[in-house]
Amino acid sequence: MKLPQGAYLAGEYDVIVVGGGHAGCEAAAAAARMGTKTLLISMNLEILGLTPCNPSVGGPAKSTLVREVDACGGVIGRIADQSQIQIRLLNSSKGVAVQALRAQIDKPSYMANMKREMENTPNLTLRQGEVQSLIIENGRVCGVHLAAGAVFACRAVVLTCGTYLDGRVVIGEYSLPSGPAGYPPATRLGEFMRDLGLEMCRFKTGTPARLDEKSIDFSVMQRQDGDLSGLHFSYLTTREQAKKRPMLPCWLSYTNQRTHEVIRENLHRSPLFSGIIEGIGPRYCPSIEDKVVRFADREAHQLFLEPEGLTMREYYVQGMSSSLPEEVQLQFLQTIKGLEHCVIVRPAYAIEYDCLQPTQLKFTLEHKEIAGLFSAGQLNGTSGYEEAAAQGLYAGANAAASCLGKEPLLFDRSEALTGVMLDDLLTKGVQEPYRLFTSLAEYRLLLRQDNADLRLSEKAYKMGLIDEARFEAVCRKQQNITDEIERLESTRPDSVSRETLQLMPKGDLTFAAALRRQDISYEMIKALTPPPVLLTEDEEMEAELEIKYKGYIEKQKVQAQKFLRLEHLALGENIDYEEIRGLSNEARQKLIKFRPLSIGQASRITGISPADINVLLIYLEARRRKEQSNA
């Protein structure tokens, strides 16, 4: 490796992770757990795991991502459990496929716990500094160059730059180069990546104002308490441990017509509408001025006051992100019930940043043209801590696998919500910041937040992401669940049990069949026929869900098997699509650009029709017959 002029070799590593947000921490921890010598470089080591926007983890679909990361040995779930100050189960009245945990976290302790976790991870070294460029030789990344002169050699790099890449903060007419929360942007690295010829997007996100607790009148707001039953994210956390965490309330209030009038009167000063902001913002997290314009008929929009921490007196105004001038922010906030005398501690702002178009990446999150270069998180066009964490673990594991000569970690749409997100990003690209929803998953009844460990632990163990003891514990859990389901499927109620459960005297009725009734719970069944082995609460819940929703689950499993048949029809990366006759011109261009690995992935690329898929199937069959005849 040739060193840049004036630089010096400061060390050699297998994997280098650039950026210390959620994607970076998960990537570094995953690579280190797999046994590779790993370096995590951040511009500020005091803010590892920074949550610059909402002080929460989880939510619809996002809680499943947290659980999937945790099932693979990741850290976000454990750190959230250690730092939570409120937790609730959302959508509890709806089906299990859309139920989701959401926790408020103590921001300072979350970062402190994350830093402690990184510092104590074997094989992982931390380094503070600004990466200004990558060293690439013969089409392969082989090192990173820091602005102060240090060069670190490596075999793989994972870029997790978040919203720092050439970041610009905008508040009304005022703007400045900046990363989130006032931290400096990664300007040099942004320039390097553009000069490298990578396809970049310019996106925008925003965050609400933070208000002084002393200036808020909570007495006129609706109190929102958390769940005290010991809910938690990580499979390694117990209910008793979770119950020991303090619980702070959130508060609900609403905008009103006066609020909307103030915003409308000042729309000409909004960077969103004046053209100052060029980046594309997230559709599903609009600013308050965007809401007022798009939903002009709405009389009110709800907002939540969320505590930023146990020792902080700041409250996050959920649902009120804005880029209007500070004085306008204060004016419209003070029209809201309970905020008439509010004091802004930190104004709301919008932030523009550069990111990669993810269609440039392989399904391992490695760049198609630059070997050893991986990327994850908001750099890949997503939004949210949880989406970043899932990508980070995935990219870090695959970077380590490339160094160790292992097969890559791959998740498909039928086995993980992470797989749904990755497939969406890599086959469709992004036109706006991507957010994952359960509705995007075809098999969401199979991909629940409760069963992530049962779905993913075997792959995680084979990759070296979790140890043997943890994998064996999951195997025992699965066996206990299976045994209990089989017992209830084969055991019939006696006359006393029938009378207690108010069942008709059908001789072929089993306890499992009784449990499928809406008005009968596992607790009722257990009281009448206790299991021979004491089950944990999680095992009881899984057994009950598998029995109650058996018909729906079996139907989705059949659908998933059909899906997998197309996923297993491999196309390979070296097919010459120019020589395949019958493909439309658009399909040929898209196939050359995206290089799908299977027929299934090809079918989800925009612009490829069913007729094009039939052409590919005929091509594969002809190729198979030719290979057989030559054998």
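This is a predicted model: local features need pLDDT of at least 70, side-chain atom pairs count only at pLDDT 80 or more; totals for chains, interfaces and linings use all residues.

Visitor: How many helices and strands does the protein have?

Guide: Both are DSSP runs numbered from the N terminus, helices being H or I of at least four residues and strands E of at least two. The count is 22 helices and 22 strands.

Visitor: What is the radius of gyration of the protein?

Guide: The radius is taken over C-alpha atoms, and the globule rule is 2.2 Å times the number of residues to the power 0.38. For 631 residues the rule gives 25 Å, and the value of the protein is close to that, so it is as compact as a globular protein of that length: 26 Å.

Visitor: What percentage of the residues count as buried?

Guide: Buried means under 20% relative accessible area, with a 1.4 Å probe and protein chains only. Of the 631 residues, the buried share is 57%.

Visitor: At what angle do the axes of H13 and H14 cross?

Guide: Axes are lines fitted to C-alpha atoms over the stretch in contact (heavy atoms within 4.5 Å), and angles run from 0 to 180 degrees between N-to-C directions. H13 covers residues 452-463 and H14 residues 468-490; their axes come within 10 Å and cross at roughly 145°.

Note on methods:
Residues are numbered from 1 along each chain as its sequence is written. Side-chain values use heavy atoms; hydrogens and water are left out. Buried means under 20% relative accessible area, exposed over 50%, partly exposed in between (1.4 Å probe, protein chains only).
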